[in-house]
Amino acid sequence: MKTQLETSDEEIKQKIASLTTRADVANLLEIEDGLLRTILYGIKERKNYSTFEIQKKSKKTRIINKPPKNIAILQSKLHHALSLIYKPKKCVHGFVRKKSIVSNAQNHCRRRHLLNIDLKDFFPSIHVGRVKGALQKGPYTMGEKAAEVVAQICCLDSGQLPQGGPTSPIISNLVCRRLDSQLMEFAKKVKCHYSRYADDITFSTFQTKFPQRIAKIIEDEIILGEELIAIVHNGTFEVNLEKVKYIQRDLRQEVTGITVNEFPNIKRQFILSISSGLYAWDNFGYKAANKNYARKLGIDESCVNLYNVLKGRIAPDFPY
(Lines give C-alpha, C1' and ligand atoms only; values in the text may rest on other atoms or scores of the structure.)
Protein backbone atom coordinates (compact mmCIF):
# COMPACT_ATOMS: atom_id res chain seq x y z
CA MET A 1 0.00 0.00 0.00
CA LYS A 2 1.34 3.42 -0.95
CA THR A 3 1.96 5.64 2.06
CA GLN A 4 0.91 8.95 0.50
CA LEU A 5 -1.90 10.17 -1.71
CA GLU A 6 -0.85 10.76 -5.31
CA THR A 7 -3.96 12.70 -6.34
CA SER A 8 -3.72 16.50 -6.47
CA ASP A 9 -5.14 18.51 -3.59
CA GLU A 10 -7.91 19.91 -5.78
CA GLU A 11 -8.98 16.42 -6.84
CA ILE A 12 -8.93 15.30 -3.20
CA LYS A 13 -11.26 18.18 -2.28
CA GLN A 14 -13.64 17.15 -5.04
CA LYS A 15 -13.63 13.53 -3.85
CA ILE A 16 -14.37 14.56 -0.26
CA ALA A 17 -17.31 16.66 -1.44
CA SER A 18 -18.97 13.55 -2.91
CA LEU A 19 -18.19 10.86 -0.31
CA THR A 20 -21.22 8.60 0.05
CA THR A 21 -20.15 4.94 0.22
CA ARG A 22 -17.27 2.83 1.50
CA ALA A 23 -16.10 2.49 -2.11
CA ASP A 24 -15.89 6.30 -2.29
CA VAL A 25 -13.69 6.34 0.81
CA ALA A 26 -11.48 3.61 -0.67
CA ASN A 27 -11.16 5.66 -3.85
CA LEU A 28 -10.20 8.73 -1.82
CA LEU A 29 -7.51 6.72 -0.03
CA GLU A 30 -6.34 5.17 -3.32
CA ILE A 31 -6.82 1.54 -2.28
CA GLU A 32 -9.14 -1.28 -3.36
CA ASP A 33 -12.49 -1.45 -1.59
CA GLY A 34 -11.78 -5.10 -0.72
CA LEU A 35 -8.55 -4.18 1.02
CA LEU A 36 -10.28 -1.41 2.99
CA ARG A 37 -12.95 -3.88 4.05
CA THR A 38 -10.30 -6.35 5.20
CA ILE A 39 -8.44 -3.70 7.20
CA LEU A 40 -11.61 -2.46 8.90
CA TYR A 41 -13.41 -5.71 9.54
CA GLY A 42 -10.67 -8.35 9.48
CA ILE A 43 -9.54 -10.13 12.63
CA LYS A 44 -6.15 -8.42 13.07
CA GLU A 45 -5.94 -4.79 12.03
CA ARG A 46 -8.12 -2.68 14.37
CA LYS A 47 -7.42 -4.99 17.31
CA ASN A 48 -3.67 -4.69 16.87
CA TYR A 49 -2.92 -1.22 18.27
CA SER A 50 0.21 -0.95 20.45
CA THR A 51 -0.71 0.47 23.84
CA PHE A 52 1.76 2.03 26.25
CA GLU A 53 1.81 4.63 29.00
CA ILE A 54 3.70 7.92 29.34
CA GLN A 55 4.16 9.52 32.71
CA LYS A 56 2.78 13.06 33.03
CA LYS A 57 4.05 15.87 35.26
CA SER A 58 1.37 14.94 37.79
CA LYS A 59 3.03 11.49 38.09
CA LYS A 60 -0.11 9.97 36.59
CA THR A 61 0.09 8.22 33.23
CA ARG A 62 -1.32 8.96 29.79
CA ILE A 63 -2.32 5.99 27.63
CA ILE A 64 -1.05 6.14 24.06
CA ASN A 65 -2.47 3.93 21.31
CA LYS A 66 -0.13 3.48 18.35
CA PRO A 67 -2.00 2.19 15.26
CA PRO A 68 -0.74 -0.82 13.27
CA LYS A 69 1.00 -0.10 9.96
CA ASN A 70 -1.97 -0.26 7.56
CA ILE A 71 -4.26 1.75 9.85
CA ALA A 72 -1.50 4.32 10.37
CA ILE A 73 -1.11 4.72 6.59
CA LEU A 74 -4.85 5.20 6.10
CA GLN A 75 -5.02 7.69 8.97
CA SER A 76 -2.07 9.66 7.59
CA LYS A 77 -3.75 9.86 4.19
CA LEU A 78 -7.02 10.91 5.80
CA HIS A 79 -5.27 13.54 7.89
CA HIS A 80 -3.88 15.12 4.73
CA ALA A 81 -7.25 15.00 2.97
CA LEU A 82 -9.26 16.36 5.89
CA SER A 83 -6.72 19.13 6.51
CA LEU A 84 -7.32 20.52 3.02
CA ILE A 85 -10.85 21.54 3.99
CA TYR A 86 -10.95 21.95 7.77
CA LYS A 87 -10.52 25.52 8.99
CA PRO A 88 -9.95 25.72 12.77
CA LYS A 89 -11.67 28.37 14.81
CA LYS A 90 -9.60 31.32 15.99
CA CYS A 91 -9.70 30.13 19.61
CA VAL A 92 -8.13 26.73 18.78
CA HIS A 93 -4.35 26.46 19.12
CA GLY A 94 -3.71 22.73 19.58
CA PHE A 95 -2.82 20.58 16.54
CA VAL A 96 -3.06 23.56 14.19
CA ARG A 97 -0.36 24.56 11.71
CA LYS A 98 1.41 27.82 12.64
CA LYS A 99 -0.14 27.75 16.12
CA SER A 100 1.36 26.38 19.31
CA ILE A 101 1.42 26.59 23.10
CA VAL A 102 3.08 29.98 22.57
CA SER A 103 0.32 31.41 20.36
CA ASN A 104 -2.17 30.06 22.88
CA ALA A 105 -0.39 31.77 25.76
CA GLN A 106 -0.05 35.11 23.93
CA ASN A 107 -3.82 35.58 24.17
CA HIS A 108 -3.68 35.77 27.98
CA CYS A 109 -0.71 38.04 28.76
CA ARG A 110 -0.98 40.76 31.44
CA ARG A 111 -4.48 39.75 32.56
CA ARG A 112 -5.77 40.43 36.08
CA HIS A 113 -7.37 37.03 36.38
CA LEU A 114 -6.79 33.68 34.70
CA LEU A 115 -8.65 30.37 34.96
CA ASN A 116 -7.39 27.07 33.55
CA ILE A 117 -9.63 24.03 33.29
CA ASP A 118 -9.06 20.59 31.80
CA LEU A 119 -11.45 18.33 29.89
CA LYS A 120 -11.45 14.90 31.53
CA ASP A 121 -10.45 11.87 29.40
CA PHE A 122 -10.44 14.07 26.30
CA PHE A 123 -9.63 11.58 23.52
CA PRO A 124 -11.33 8.50 25.06
CA SER A 125 -14.55 10.48 25.55
CA ILE A 126 -14.79 11.02 21.78
CA HIS A 127 -16.34 7.87 20.34
CA VAL A 128 -17.07 6.64 16.84
CA GLY A 129 -20.68 7.87 16.89
CA ARG A 130 -19.63 11.44 17.66
CA VAL A 131 -17.00 11.33 14.93
CA LYS A 132 -19.53 10.01 12.41
CA GLY A 133 -21.99 12.76 13.34
CA ALA A 134 -19.35 15.49 13.04
CA LEU A 135 -18.28 14.27 9.59
CA GLN A 136 -21.89 14.37 8.34
CA LYS A 137 -22.05 18.08 9.17
CA GLY A 138 -20.03 20.97 7.73
CA PRO A 139 -17.47 21.39 6.36
CA TYR A 140 -17.41 17.78 5.06
CA THR A 141 -21.13 16.81 4.86
CA MET A 142 -20.27 13.17 4.13
CA GLY A 143 -22.97 10.61 3.42
CA GLU A 144 -23.90 8.44 6.39
CA LYS A 145 -22.07 5.30 5.21
CA ALA A 146 -18.93 7.18 4.19
CA ALA A 147 -18.88 9.03 7.52
CA GLU A 148 -19.24 5.72 9.36
CA VAL A 149 -16.30 4.19 7.46
CA VAL A 150 -14.06 7.22 8.04
CA ALA A 151 -14.98 7.20 11.73
CA GLN A 152 -14.09 3.50 11.95
CA ILE A 153 -10.69 4.17 10.36
CA CYS A 154 -10.04 6.90 12.93
CA CYS A 155 -11.26 5.04 16.03
CA LEU A 156 -10.23 1.99 18.00
CA ASP A 157 -12.14 -1.27 17.71
CA SER A 158 -13.69 -0.30 21.09
CA GLY A 159 -15.07 2.84 19.44
CA GLN A 160 -12.86 5.39 21.24
CA LEU A 161 -10.66 7.95 19.53
CA PRO A 162 -7.05 6.86 20.16
CA GLN A 163 -4.53 9.26 21.60
CA GLY A 164 -1.67 8.54 19.22
CA GLY A 165 -3.49 8.20 15.90
CA PRO A 166 -2.52 10.61 13.06
CA THR A 167 -6.15 11.66 12.55
CA SER A 168 -7.05 12.05 16.24
CA PRO A 169 -5.92 15.69 16.58
CA ILE A 170 -7.95 17.07 13.66
CA ILE A 171 -10.93 14.85 14.51
CA SER A 172 -10.92 16.06 18.13
CA ASN A 173 -10.92 19.69 16.96
CA LEU A 174 -13.76 18.92 14.54
CA VAL A 175 -15.84 17.33 17.30
CA CYS A 176 -15.18 20.38 19.53
CA ARG A 177 -16.44 22.95 17.00
CA ARG A 178 -19.80 23.44 18.72
CA LEU A 179 -18.20 23.53 22.18
CA ASP A 180 -15.70 26.16 21.02
CA SER A 181 -18.44 28.32 19.50
CA GLN A 182 -20.53 28.23 22.66
CA LEU A 183 -17.59 28.92 24.98
CA MET A 184 -16.38 31.80 22.81
CA GLU A 185 -19.85 33.35 22.87
CA PHE A 186 -20.12 32.80 26.63
CA ALA A 187 -16.68 34.34 27.25
CA LYS A 188 -17.59 37.38 25.13
CA LYS A 189 -20.73 37.98 27.20
CA VAL A 190 -18.72 38.12 30.43
CA LYS A 191 -15.85 40.12 28.88
CA CYS A 192 -13.29 37.33 28.99
CA HIS A 193 -10.96 35.83 26.44
CA TYR A 194 -11.26 32.10 25.69
CA SER A 195 -8.81 29.69 24.07
CA ARG A 196 -8.36 25.94 23.88
CA TYR A 197 -5.29 23.80 23.33
CA ALA A 198 -6.51 20.18 23.03
CA ASP A 199 -8.07 19.48 26.45
CA ASP A 200 -6.67 22.64 28.11
CA ILE A 201 -9.16 25.51 28.31
CA THR A 202 -8.26 29.02 29.49
CA PHE A 203 -10.35 32.07 30.38
CA SER A 204 -8.73 35.40 31.24
CA THR A 205 -9.85 38.99 31.79
CA PHE A 206 -8.63 42.54 32.46
CA GLN A 207 -11.65 43.18 34.69
CA THR A 208 -11.17 44.04 38.37
CA LYS A 209 -13.23 41.01 39.45
CA PHE A 210 -13.37 37.61 37.80
CA PRO A 211 -16.86 36.94 36.36
CA GLN A 212 -18.84 34.76 38.76
CA ARG A 213 -20.78 33.31 35.84
CA ILE A 214 -17.56 31.47 34.98
CA ALA A 215 -16.38 30.76 38.52
CA LYS A 216 -16.73 31.95 42.08
CA ILE A 217 -13.50 32.20 44.05
CA ILE A 218 -14.21 31.75 47.77
CA GLU A 219 -10.95 31.77 49.72
CA ASP A 220 -9.04 28.80 48.25
CA GLU A 221 -12.10 27.14 46.75
CA ILE A 222 -13.02 27.45 43.07
CA ILE A 223 -16.70 26.88 42.28
CA LEU A 224 -17.33 26.69 38.54
CA GLY A 225 -20.46 28.41 37.26
CA GLU A 226 -23.46 26.27 36.36
CA GLU A 227 -23.64 27.84 32.90
CA LEU A 228 -20.03 26.91 32.15
CA ILE A 229 -20.50 23.33 33.35
CA ALA A 230 -23.71 23.04 31.33
CA ILE A 231 -21.96 24.13 28.13
CA VAL A 232 -19.18 21.58 28.67
CA HIS A 233 -21.68 18.82 29.43
CA ASN A 234 -23.74 19.83 26.40
CA GLY A 235 -20.58 19.24 24.37
CA THR A 236 -20.53 15.74 25.94
CA PHE A 237 -17.35 16.46 27.86
CA GLU A 238 -16.64 16.62 31.56
CA VAL A 239 -14.46 19.03 33.53
CA ASN A 240 -11.57 17.45 35.41
CA LEU A 241 -12.18 19.11 38.77
CA GLU A 242 -8.71 18.08 39.97
CA LYS A 243 -7.09 20.32 37.35
CA VAL A 244 -9.03 23.58 37.79
CA LYS A 245 -6.66 26.44 38.57
CA TYR A 246 -7.37 30.14 39.22
CA ILE A 247 -4.41 32.54 39.25
CA GLN A 248 -4.34 36.27 40.01
CA ARG A 249 -1.84 38.61 38.40
CA ASP A 250 0.36 38.89 41.53
CA LEU A 251 1.15 35.16 41.24
CA ARG A 252 2.87 33.17 38.51
CA GLN A 253 0.27 32.83 35.75
CA GLU A 254 0.76 29.94 33.34
CA VAL A 255 -1.07 28.87 30.19
CA THR A 256 -0.09 25.51 28.67
CA GLY A 257 3.22 25.68 30.50
CA ILE A 258 4.05 29.25 29.39
CA THR A 259 4.32 32.11 31.90
CA VAL A 260 2.09 35.01 30.81
CA ASN A 261 2.31 37.67 33.56
CA GLU A 262 4.12 40.11 31.25
CA PHE A 263 4.98 38.24 28.04
CA PRO A 264 5.20 34.58 26.98
CA ASN A 265 8.12 33.01 28.81
CA ILE A 266 9.20 29.45 29.49
CA LYS A 267 10.75 27.68 32.43
CA ARG A 268 14.47 26.99 32.44
CA GLN A 269 13.73 23.26 32.78
CA PHE A 270 12.02 23.31 29.37
CA ILE A 271 15.14 24.76 27.74
CA LEU A 272 17.36 22.26 29.55
CA SER A 273 15.24 19.35 28.31
CA ILE A 274 15.81 20.48 24.71
CA SER A 275 19.53 21.06 25.29
CA SER A 276 20.03 17.64 26.88
CA GLY A 277 18.26 15.92 24.00
CA LEU A 278 20.37 17.73 21.40
CA TYR A 279 23.54 17.09 23.40
CA ALA A 280 22.86 13.35 23.64
CA TRP A 281 22.07 13.17 19.92
CA ASP A 282 25.24 15.07 18.97
CA ASN A 283 27.58 13.15 21.26
CA PHE A 284 26.18 9.61 21.30
CA GLY A 285 24.18 9.39 18.07
CA TYR A 286 20.45 9.52 17.44
CA LYS A 287 19.73 5.86 18.21
CA ALA A 288 21.38 6.03 21.64
CA ALA A 289 19.72 9.38 22.42
CA ASN A 290 16.30 8.04 21.41
CA LYS A 291 16.83 4.91 23.52
CA ASN A 292 17.83 7.01 26.53
CA TYR A 293 14.77 9.25 26.11
CA ALA A 294 12.51 6.18 25.96
CA ARG A 295 14.16 4.82 29.11
CA LYS A 296 13.37 8.04 30.97
CA LEU A 297 9.72 7.75 29.90
CA GLY A 298 9.67 4.09 30.85
CA ILE A 299 8.47 2.87 27.44
CA ASP A 300 9.84 0.88 24.50
CA GLU A 301 12.12 2.88 22.19
CA SER A 302 10.09 1.79 19.13
CA CYS A 303 7.26 3.95 20.48
CA VAL A 304 9.41 7.09 20.74
CA ASN A 305 10.56 9.56 18.09
CA LEU A 306 13.00 12.00 19.71
CA TYR A 307 13.28 13.92 16.43
CA ASN A 308 9.57 14.79 16.48
CA VAL A 309 9.71 15.63 20.20
CA LEU A 310 12.58 18.09 19.74
CA LYS A 311 11.24 19.60 16.53
CA GLY A 312 7.82 20.05 18.10
CA ARG A 313 9.37 21.99 20.99
CA ILE A 314 11.67 24.11 18.84
CA ALA A 315 9.45 24.86 15.81
CA PRO A 316 6.09 26.48 16.76
CA ASP A 317 4.56 25.71 13.35
CA PHE A 318 5.54 22.03 13.32
CA PRO A 319 2.50 20.22 11.86
CA TYR A 320 0.97 17.66 14.21
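This is a predicted model: local features need pLDDT of at least 70, side-chain atom pairs count only at pLDDT 80 or more; totals for chains, interfaces and linings use all residues.
Which loop does P67 lie in? I started there and found P67 in the loop between β2 (61-66) and α4 (69-83). For my labels, helices are DSSP runs of H or I with at least four residues, strands are DSSP runs of E with at least two, and both are numbered from the N terminus.

Residues are numbered from 1 along each chain as its sequence is written, and side-chain values use heavy atoms, with hydrogens and water left out.

**P67**

I checked its burial: P67 has 10% relative accessibility, so it counts as buried (buried is under 20% relative accessible area, exposed is over 50%, partly exposed is in between, with a 1.4 Å probe and protein chains only). Then I listed its contacts (heavy atoms within 4.5 Å). Leaving aside neighbours within four places in sequence, P67 touches Y49, A72, Q75, G164, G165 and P166. P67 and P166 are 99 residues apart along the chain, and their C-alpha atoms are separated by 8.7 Å.

**The sheet**

Next I traced an open sheet of 4 strands, in the order β4-β5-β3-β8 with antiparallel pairing. Two strands pair here if DSSP finds at least two bridges between them. β4 (193-197) and β8 (245-248) are at the edges with a single partner strand each, so one side of each has no neighbour in the sheet. From one strand to the next, the twist averages 15°. I looked at one pair: β3 (residues 113-118) and β8 run antiparallel over 4 bridges, and H113 has Q248 in β8 as its bridge partner.

**Helix α9**

Helix α9 (residues 177-189) packs on this sheet, touching β4 and β5 (200-205), and its direction makes about 155° with that of β4. Axes are lines fitted to C-alpha atoms, for helices over the stretch in contact, and angles run from 0 to 180 degrees between N-to-C directions.

Which residues of α9 are buried? I got L179, D180, L183, F186 and A187. They cover an arc of only 135° around the axis, which puts them on the same side of α9; the arc is that of the directions from the helix axis to the C-beta atoms. Their cover includes β4, β5 and α10 (226-234). On the face turned away from the buried side, I found the exposed residues R178, K188 and K189.

Last stop: α9 is followed by K191, which has a positive phi, near 60°.
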